[in-house]
Amino acid sequence: MTDGTTLLSTERALNERYDAALLDLDGVVYVGSAPVPAAPEAVDKARAAGMRVAFVTNNAARTPARVAERLNSMGVAAAPEDVVTSAEAAARLVSERFPAGSAVLVVGDTGLRLALRQRGLRPVSTAADRPAAVIQGYSPRLSYDLMVQGALAVADGALFVSANNDATAPLDFGVQPGNGAAARVIAHATGKEPVVAGKPMRPLHEEGVLRTGAGAPLVVGDRLDTDIESATVRGTACLLVFSGVTSPAQAVAAPPEHRPSFLSWDLSGINRPHPEVRVGSGGADCGGWTAAFGEGGLRLSGRGDRLDGLRAL
């Protein structure tokens, strides 16, 4: 784990140092309907090196089979059992609190309903069914009427669970509101905050570790407040990629819980070594770059690989 002041380094590729990669999807493997160009080859190379790969997503809309189908259509080999969703983490969370057969109101899509059935729970759509819990997850077809039913049930005492709390999600044409934004409707109407199953909270991280049997997992993501925080608060190594929503400037300014162990432009970084950042009284050096505080603030000087310059910063 990073100590909060500097990045980790490794002379071996990350696929040799860590036994499993827990890959986020949106912004890491694909953006909208297109794969990140480096992703298919990166996944193949990591597996060939013996690294287990799981696709861990906060998106609760699609079933694991649908996600795997989508990945295969993009050239990324995946089976349904390789996919770990926040819907599955949320369903496990509810199943550990209520007996089999309990009614659960789904404010979301097919992925949530299937995950609940697999845990022996009964998905319903109205507050009149007196559900033990309400689970909300992202759905492009989410209706106001369904949110009303969820709010009525939560107000009546049902446990409120949000599959994830992402405020936004990247698409081909920009950034759209995510499930975290939608969940505020019920939270604001009832005054009750949801229990969150997805990243950065523990349930989804544990689901990924259980699925892969990882002893030394590497979390890979593009979001500081979900992917990276989920790893750092548990002492798990993490790789931040810049193919999604986080900019280099945001990474440099991140607080300790959002500071990654490693940096890469994209997923190809899991198959490469990562250089040391040498920190001293005069600043930080990496490759041919030096970052130091001087008049006017933080300054970067040198030449070479731009990523090394960012590592020094």
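In this predicted model, the face of helix 2 that points away from its buried side carries two exposed residues, Glu41 and Ala48. The buried residues of helix 2, which spans residues 39-48, are Ala39, Pro40, Ala42, Val43 and Ala46. Seen down the helix axis, these buried residues fall within an arc of 165°, so they line one face of helix 2. Their packing partners are helix 1 (14-17), strand 1 (20-23) and strand 4 (52-57). After helix 2 comes Gly50, with a positive phi near 100°.

Helix 5 can be read in the same way. Within this helix, residues 110-118, the buried positions are Gly111, Leu112, Ala115 and Leu116. These residues cover an arc of only 130° around the axis, which puts them on the same side of helix 5. What do they pack against? The buried residues of helix 5 meet helix 4 (86-95), strand 6 (103-107), strand 7 (122-124) and strand 8 (133-136). Turned away from that buried side is a face with the exposed residues Arg117 and Gln118. Just after helix 5, Gly120 takes a positive phi of about 80°.

Asp24 sits in the loop between strand 1 and strand 2 (30-31). Is Asp24 buried or exposed? Its relative accessibility is 7%, and residues under 20% count as buried, so Asp24 is buried. The side chain of Asp24 is joined to that of Lys199 by a polar contact of 3.0 Å. Leaving aside neighbours within four places in sequence, Asp24 is in contact with Val29, Val56, Thr57, Lys199, Val220, Gly221, Asp222 and Asp227.

Rolling a probe the size of a water molecule over the atoms shows where empty space is left. In this model, the second largest pocket holds about 480 Å³ of space. It is lined by 32 residues, and those closest to its centre are Asp26, Asn59, Ala61, Arg62 and Tyr138. Which elements supply at least two residues each to the lining of this pocket? They include helix 3 (64-73), strand 10 (168-171) and helix 9 (224-232). Strand 10 gives the most to the lining, with four residues.

Technical notes. Residues are numbered from 1 along each chain as its sequence is written. This is a predicted model: local features need pLDDT of at least 70, side-chain atom pairs count only at pLDDT 80 or more; totals for chains, interfaces and linings use all residues. Side-chain values use heavy atoms; hydrogens and water are left out. Buried means under 20% relative accessible area, exposed over 50%, partly exposed in between (1.4 Å probe, protein chains only). The arc is that of the directions from the helix axis to the C-beta atoms. Contact means heavy atoms within 4.5 Å. A polar contact is a pair of N or O atoms within 3.5 Å; within protein, one must be able to donate a hydrogen and the other to accept it, and residues adjacent in sequence count only if both atoms are side-chain atoms. On a 1 Å grid over the protein atoms alone, a cavity is a set of points where a 1.4 Å probe fits but cannot get out, and a pocket is an open set with protein on both sides within 12 Å along at least five of seven lines; lining residues have an atom within 4 Å of a point. Grid points are joined across faces, edges and corners, and a volume is the space filled by probe spheres set on the points.
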